[in-house]
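Here is a short briefing for a reader new to this structure. Please look over the sequence and the model first.

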Amino acid sequence: MSTPEAMEPPKRITALALGALGIVYGDIGTSPLYALRECFTGEHGVQPTHDNVLGVLSLVFWALIIVVSVKYLVFVMRADNRGEGGILALMALAMQRKRGEEVKVRPVVVTLGLFGAALLYGDGLITPAISVLSAVEGLSVATPFFQPYIQPLTIAILVGLFLIQRHGTAGIGAIFGPFMLVWFTTLAVLGVKEMMTYPAVVWAFSPMQAARFFMANHWHGFLVLGGVFLVVTGGEALYADMGHFGWRPIRWAWFTVVLPSLMLNYMGQGALLLRDPSAASNPFYLMAPSWALYPLVILSTGATVIASQALISGVFSVTQQAIQLGYTPRLEVVHTSAEERGQIYLPGINLAMLVGVIALVLGFKSSTNLAAAYGIAVTATMGITTGLAYVVARERWNVSRWVALPVAAFFLLVDLAFFGANAVKIAAGGWFPLVLALGVFTLMTTWKRGRDILGNRLRGSSMPLKTLLESFGGDHPPLRVPGTAIFMTGNPEGTPPALLHNLKHNKVLHEQVMLLTIASEEVPHVPPEERVEVIKLEEGFVRVVARYGFMEDPSIPDILKRAREKGLQFNLMGTSFFLGRETLIPSKKPGMALWREALFAWMSRNARSATAFFRIPPNRVVELGSQVEL
């Protein structure tokens with residue numbers, strides 16, 4: 001008989017797997033709304049003949065097995081960065097190289113990782129638009145009366161979704177999992193109902209059907225992969241959300257609920273097409289009996305809203321990671337839950353996404369048109385994930401090249417096949433996520449490069465701290481005043497420019513001077529005991545180094561509390577924070593092109609202030625300005 005302790009892990013895994021249904025599998029779980037339809041009615045669709053239907057179904061099945069079941073759930077999810085997943089976490093893991101080889105590989109790794117992250121912004125815009133549109137379009141299946149109202153209703157739902165982001169999803173998030181369980185059950189029931197009318201559809205499980213499909217359709221058959229890929233577009237979310245649930249519950253949910261439900265539904269749609277080829281216009285909704293059509297539209301809309309929520313939260317999370325890794329300016333990050341660390345809301349990003357999603361709905365008008373823009377970004381991201389996972393396998397795990405290379409090459413071949421099939425849709429809409437990704441990539445790299453140049457300029461005009469401290473022992477030491485002064489500096493070795501300006505203009509120095517450096521580590525979380533390091537120097541100076549992971553938010557009050565616990569004495573009411581505020585002037589000095597320097601200066605002016613971002617008491621802050629030529 002099992003003990004309660006032995007029973008606890010399975011219960012815990014089951015609870016987490018239920019939660020994963022609502023967060024991880026929303027995107028891939030709503031693909032049946034449009035994926036198979038696009039294979040037969042899209043721009044490059046094939047006729048729904050008997051052989052074509054079985055061939056497409058076979059491609060769908062083996063795409064789910066190879067891309068999701070094997071690539072992501074077996075291989076990629078092993079590459080966790082201290083439990084966290086996602087393209088930036090994978091990039092950070094790949095950059096943790098052996099010392100002698102770091103410089104050679106790092107630029108390639110960073111470029112791949114940043115462009116992969118930039119592509120996710122396009123996915124985050126298109127997924128809500130295509131998912132909700134495809135769900136609401138079910139109303140037109142019931143009656144043409146609703147056709148003029150599909151776009152306004154879709155926009156209304158999306159506006160409501162983005163407006164509730166400020167309140168967080170902690171309250172309603174608890175129902176996401178059970179709701180999606182009902183959704184996947186409905187998918188399975190609809191599929192089984194149709195399969196019973198045409199049992200021969202199970203022949204589609206044979207890979208020979210896919211092979212015959214390619215031999216019969218040649219180039220046209222290859223282009224159909226662009227529609228087939230829509231069934232795996234949510235695969236990257238499995239890896240990105242690994243930190244919330246862990247790999248075991250995500251795998252358990254996939255193999256016990258999601259994969260069987262998806263395949264039963266796709267097989268059911270195929271059985272319907274084999275029985276009635278004219279149903280290709282919308283096979284998902286036409287599987288439902290007439291009395292169930294409106295409830296199914298409501299259920300589908302709820303499922304697509306949950307899928308959209310997962311993508312929106314994913315964009316927030318990626319942006320937070322980019323800020324901490326130094327690739328994005330400081331933005332306002334609001335924590336909407338005191339219990340859940342990952343529940344965040346970024347007002348600026350939320351507004352930009354809302355405008356972008358509405359523009360997509362108005363511009364593309366239907367989910368079929370949006371399908372042309374969908375896929376290209378995700379295929380590129382998946383290919384980048386394969387490349388970065390290979391780097392991790394070789395450099396972090398010391399896997400033999402003769403083992404890692406064939407495995408990576410096989411998955412990359414699959415990724416490139418899907419990418420090639422989607423590339424022909426660039427002119428029809430696939431350009432949008434690529435242009436958006438290029439813009440985001442430019443912003444990220446410009447900010448990172450600009451910060452490096454600014455740091456070099458400031459270091460060039462500064463002096464070593466040791467030299468400054470030695471100067472205090474001369475005949476004219478500075479006047480010391482009571483209290484503690486905290487100077488924030490990104491250079492743990494040099495003297496903060498704000499300190500030099502204070503000495504130059506005010507000609508005083510506090511009794512205790514704290515030089516505070518906040519360092520972002522290439523790991524998601526830093527253990528609490530390693531958070532703060534206190535180093536006492538001469539002349540009343542003390543250096544404090546606070547380390548944060550890329551999934552964490554720095555907090556000055558928390559840093560000071562931990563510094564006090566390590567023996568540092570100070571009175572907060574007698575403490576002043578001295579911050580530097582640089583006015584950036586583009587110049588022709590070596591560094592970046594003038595237009596990028598101007599872009600960096602604009603980003604810097606619009607970044608959130610250090611006072612607000614680091615939660616510094618605003619009434620204790622003194623800002624000292626200077627001009628810096630880039």
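Is H218 buried or exposed? H218 is exposed, because its relative accessible area is 56%, over the 50% cut-off. The model is predicted. The points below start with the whole chain and then turn to single residues.

**Overall build**

- The chain holds 26 helices and 8 strands.
- Its radius of gyration is 28 Å, close to the 25 Å that the globule rule gives for 630 residues, so the chain is as compact as a globular protein of that length.
- Along the principal axes, the C-alpha atoms fill a box of roughly 100 × 65 × 55 Å.
- Take the contacts between residues at least 6 apart in sequence: 83% of them join residues at least 24 apart.

**Surface and charge**

- Of the 630 residues in the chain, 54% are buried.
- The accessible surface is about 26,900 Å². Carbon and sulfur atoms account for 63% of that surface.
- There are 49 positive and 41 negative side chains. The centres of these two sets lie 3 Å apart.

**Nonpolar cores**

- In soluble globular proteins, nonpolar side chains tend to be buried together.
- The largest nonpolar core in this chain has 174 residues. Y25 and L64 have the most contacts inside it.
- Helix 6 (residues 102-136) gives the most to this core, with 16 residues.
- Beyond its neighbours within four places in sequence, Y25 is in contact with A20, L73, M180, F184, L238, I250, A253, W254 and V258.

- M444 sits in helix 21 (residues 426-460). M444 is buried, because its relative accessible area is 3%, under the 20% cut-off.
- M444 and T467 are 23 residues apart along the chain, and their C-alpha atoms are separated by 36 Å.
- Q324 belongs to helix 16 (residues 293-325). Its relative accessible area is 5%, so Q324 is buried.
- K71 lies in helix 4 (residues 50-75). With 2% relative accessibility, K71 counts as buried.
- K71 and A427 are 356 residues apart in sequence. In space they are 30 Å apart, C-alpha to C-alpha.

**Two residues with positive phi**

- Most residues other than glycine have a negative phi.
- H218 has a positive phi, near 50°. This residue is found in helix 10 (residues 207-223).
- N398 also has a positive phi, near 60°. Where is N398 found? N398 is in the loop between helix 19 (376-395) and helix 20 (401-423).
- N398 is exposed, because its relative accessible area is 53%, over the 50% cut-off.

How values were computed: Residues are numbered from 1 along each chain as its sequence is written. This is a predicted model: local features need pLDDT of at least 70, side-chain atom pairs count only at pLDDT 80 or more; totals for chains, interfaces and linings use all residues. Side-chain values use heavy atoms; hydrogens and water are left out. Helices (H or I, at least four residues) and strands (E, at least two) are DSSP runs, numbered from the N terminus. The radius of gyration is taken over C-alpha atoms; the globule rule is 2.2 Å times the number of residues to the power 0.38. Buried means under 20% relative accessible area, exposed over 50%, partly exposed in between (1.4 Å probe, protein chains only). Contact means heavy atoms within 4.5 Å. Accessible areas come from the Shrake-Rupley method with a 1.4 Å probe; for residues, only the protein chains shown count as cover. Lys and Arg count as positive and Asp and Glu as negative; His and the chain ends are not counted. The place of a charge is taken as NZ of Lys, CZ of Arg, CG of Asp or CD of Glu. A nonpolar core is a set of buried Ala, Val, Leu, Ile, Met, Phe, Trp, Tyr and Cys residues joined through side-chain atoms within 4.5 Å.
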